[in-house]
Amino acid sequence: MPQIVRFPMDIPFGWFFVSYSDELAPGDVKSLHYFGRDLVLFRNHSGVAGVLDAYCPHMGAHLGHGGVVEGDVLRCPFHSWAFRPDGFCVDIPYAKAFPPICKREPIAGRYPVTEANGVIWAWYHPNDIAPLYDVLTVAEFTEPGWAPQTRREWRFRSNPQEIAENGVDFAHFQYVHRMDAVPEGEARYDGHIRRSEANGVRTMTLPTGETKILNSSVTTVQNGAGQKTTHLTGLVTLALQVLVTPIEADECELRFCFTHPVVEPGSFEDKAIQAAIASTTGQTGVEGDIPIWDKKIHRARPLLCDGDGPILRFRRYFEQFYAPPGGGAQMVAAE
């Protein structure tokens, strides 16, 4: 019997979370492992964040273990070669003749970086192609009137496509998340952006102990493989960044980052918001999905019925984020 490959997909390309901005101060150096690669993240004293391949192109020292920020550069712990966030080597303290290649091009593998919504994003493409689109700005995460972020994170065996596909699997909302009915949803696709809205009803226990049936809506904007923003309305209003970063082709980190309109601490609204966050992250939310994601396989040709939602349409959308196009046996047959 042939061995089952859980996920035939490669790591998709796109903008991905590598850190929250407030967790990287000037002078900080951190080792990361994402995209199947060892990386180093640092912020220079001008405030610019950089992500480089971890191993120095000179003699292979790990820049994240002993590397030091000095001014605007990261110095290697082995021979003190100095690298800017763009990968250029700009100083070799003991060299009498500077290698010409250092003047012509970056010699450290570098990843384009941008900061938005309180997140440091790195662009990954397996063929080192420059960013094909921008990170979308979400005002709620930076503007006044919105509460400090509530953050949760998980690590498990899956990949970005499987996680994102959950949003169009309408039937599972009833059976995994205990929604009273399968939500009706509609989606619009525009190149690398997917917008969707699903409406339904949900039974909630209020902080007072009262049970109430509420209309609810979930609107989502997905910007490539790594950025998804969801707005949830019902008893409360929540803005949520869903941040999925591939560690390997079959392992991910998932982060939920919430904010909401500022309310009085301890008020009814505050208690309702905390209950909604707990519901979204707990067994009636993503923690109900994670055990399934962690153990399931990807069915390239699933046996679907009429209530399953536009899963194949979503797969055709997501396939554009693999290089070469179609890299990974996605299902693209017509629905």
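The structure is a predicted model, in which local features need pLDDT of at least 70 and side-chain atom pairs count only at pLDDT 80 or more, whereas totals for chains, interfaces and linings use all residues. Residues are numbered from 1 along each chain as its sequence is written, and side-chain values use heavy atoms, with hydrogens and water left out.

R157 forms a salt bridge with E251, and the closest N and O atoms of the two are 3.3 Å apart. A salt bridge is taken here as a side-chain nitrogen of Lys or Arg within 4 Å of a carboxyl oxygen of Asp or Glu. The pair links distant parts of the chain, 94 residues apart: R157 belongs to the loop between β12 and α2 (160-165), and E251 to strand β18 (residues 251-259). Helices (H or I, at least four residues) and strands (E, at least two) are DSSP runs numbered from the N terminus.

A second salt bridge brings together the side chains of E162 and K296, at 2.6 Å from N to O. This pair also links distant parts of the chain, with E162 in helix α2 and K296 in the loop between α5 (286-295) and α6 (311-318), 134 residues apart. E162 counts as buried at 4% relative accessibility, while K296 is partly exposed, with a relative accessible area of 29%. Salt bridges that share partners also join R155, R157, D250 and E251 into one network.

The side chains of R110 and D128 meet in a further salt bridge, with an N to O distance of 3.8 Å. R110 lies in strand β9 (residues 110-111) and D128 in the loop between β11 (119-124) and β12 (150-156), so the pair ties together parts that are 18 residues apart in sequence. R110 is partly exposed at 35% relative accessibility, and D128 is exposed at 53%. Over the whole structure, the search finds 15 salt bridges. Side chains of opposite charge can pair when their charged atoms come close.

Strand β17 (residues 237-248) is mostly covered, since 10 of its 12 residues are buried. Strands are treated as paired if DSSP finds at least two bridges between them. Strand β16 (residues 227-233) runs antiparallel to β17, and 7 bridges join the two. Within this pairing, T233 stands opposite T237 in β17, and a hairpin connects β16 to β17 through 3 residues. β17 also runs antiparallel to β18, to which 9 bridges join it. T245 has E253 in β18 as its bridge partner, and the hairpin formed by β17 and β18 has 2 residues between the strands.

Strands also form an open sheet of 3 strands, with the order β1-β11-β10 and antiparallel pairing. β1 (14-20) and β10 (113-116) stand at the edges with a single partner strand each, so one side of each is left without a neighbour in the sheet. From one strand to the next the twist averages 35°, where axes are lines fitted to C-alpha atoms, for helices over the stretch in contact, and angles run from 0 to 180 degrees between N-to-C directions. β10 and β11 run antiparallel and are joined by 4 bridges, and T114 stands opposite W121 in β11.

The count of cavities of 30 Å³ or more comes to 2. A cavity is a set of points, on a 1 Å grid over the protein atoms alone, where a 1.4 Å probe fits but cannot get out; lining residues have an atom within 4 Å of a point. Grid points are joined across faces, edges and corners, and a volume is the space filled by probe spheres set on the points. The second largest cavity holds about 80 Å³ of space, and its lining includes P160, I163, A164, V242 and V244. At least two lining residues come from each of α2, β16 and β17, and α2 gives the most, with 3 residues. The lining divides into 6 nonpolar, 4 polar and 1 charged residues, where Ala, Val, Leu, Ile, Met, Phe, Trp, Tyr, Cys and Pro count as nonpolar, Asp, Glu, Lys and Arg as charged, and the others, Gly among them, as polar.

Key
Buried < 20%, exposed > 50% of the residue type's maximum accessible area, 1.4 Å probe, protein only. 1 Å grid on protein atoms, 1.4 Å probe; cavity = no way out; pocket = protein on both sides within 12 Å on 5 of 7 lines; lining within 4 Å.
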